Amino acid sequence: MNALYDYIDQHAERSVRLLETLCRQPSVSAQGLGLTEMADLVLSILREREVEARLIPVPGGPPVVYGTIKGRSDQTLLFYNHYD
């Protein structure tokens with residue numbers, strides 16, 4: 001557990017800056033505001049972290065941001081989240 005707490009302490013400032021960047025980007029699904037820009041931002045953040053990522057166009061809707069990280073196991077863990 002100490003290694004986990006050390007990691008959190010060492011990366012706290014970077015994580016806060018990233019959160020600030022995401023919060024500054026307007027993105028309101030109900031108004032169709034900034035969704036493509038937010039998708040592009042999320043895509044660039046993932047790629048900066050060496051995640052294999054791409055945008056999947058959705059007719060009549062915002063693009064899906066899809067990323068994969070190959071692990072050492074054959075198990076799959078799925079995260080789903082909104083970027084608006």
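Biologist: Okay, helix 1: what span should its 23 residues have at 1.5 Å a residue, and how far apart are the end C-alpha atoms?
Modeller: This is a predicted model, and in it the 23 residues of helix 1 should span 33 Å at 1.5 Å a residue. The end C-alpha atoms are 33 Å apart, which agrees.

Biologist: Where is the kink in helix 1 centred?
Modeller: On H11, and the kink there is about 55°.

Biologist: Which residues of helix 2 are buried?
Modeller: L35, M38, A39, L41, V42, L43 and I45 are buried there. Helix 1, strand 1 (52-58) and strand 2 (61-68) are among the parts that cover them.

Biologist: What makes up the largest nonpolar core?
Modeller: Seven residues: L35, M38, A39, L41, V42, I45 and Y83.

Biologist: Pick V42. What is it in contact with, leaving aside neighbours within four places in sequence?
Modeller: V42 is in contact with L22, V65 and Y83.

Biologist: How far is T36 from L18, C-alpha to C-alpha?
Modeller: Those two atoms are separated by 18 Å, and the residues sit 18 places apart along the chain.

Biologist: Switching topic: where does S27 lie?
Modeller: S27 is in the loop between helix 1 (2-24) and helix 2 (35-48).

Biologist: Is S27 buried or exposed?
Modeller: Buried, because its relative accessibility is 13% and the cut-off for buried is under 20%.

Biologist: What does the S27 side chain reach?
Modeller: It reaches the backbone oxygen of Y83, at 3.1 Å. If you skip neighbours within four places in sequence, S27 is in contact with L33, G34, L35, M38, Y83 and D84. Among those, L35, M38 and Y83 also belong to the largest nonpolar core.

Biologist: What comes after helix 2?
Modeller: E50 follows helix 2, and its place is in the loop between helix 2 and strand 1. E50 has a positive phi of about 60° although it is not a glycine.

Biologist: Last bit, the strands. How many bridges join strand 1 to strand 2?
Modeller: Six, and the two strands run antiparallel. One of the pairings is A53 with G67 in strand 2, and V58 stands opposite G61.

Biologist: How many residues sit between the strands in that hairpin?
Modeller: Two, and G60 in this hairpin takes a positive phi near 75°.

Notes
Residues are numbered from 1 along each chain as its sequence is written. This is a predicted model: local features need pLDDT of at least 70, side-chain atom pairs count only at pLDDT 80 or more; totals for chains, interfaces and linings use all residues. Side-chain values use heavy atoms; hydrogens and water are left out. Helices (H or I, at least four residues) and strands (E, at least two) are DSSP runs, numbered from the N terminus. Buried means under 20% relative accessible area, exposed over 50%, partly exposed in between (1.4 Å probe, protein chains only). A polar contact is a pair of N or O atoms within 3.5 Å; within protein, one must be able to donate a hydrogen and the other to accept it, and residues adjacent in sequence count only if both atoms are side-chain atoms. Contact means heavy atoms within 4.5 Å. A nonpolar core is a set of buried Ala, Val, Leu, Ile, Met, Phe, Trp, Tyr and Cys residues joined through side-chain atoms within 4.5 Å. Two strands pair if DSSP finds at least two bridges between them. The expected span of a helix is 1.5 Å times one less than its number of residues. The bend at a residue is the angle between axes fitted to the seven residues ending there and the seven starting there.
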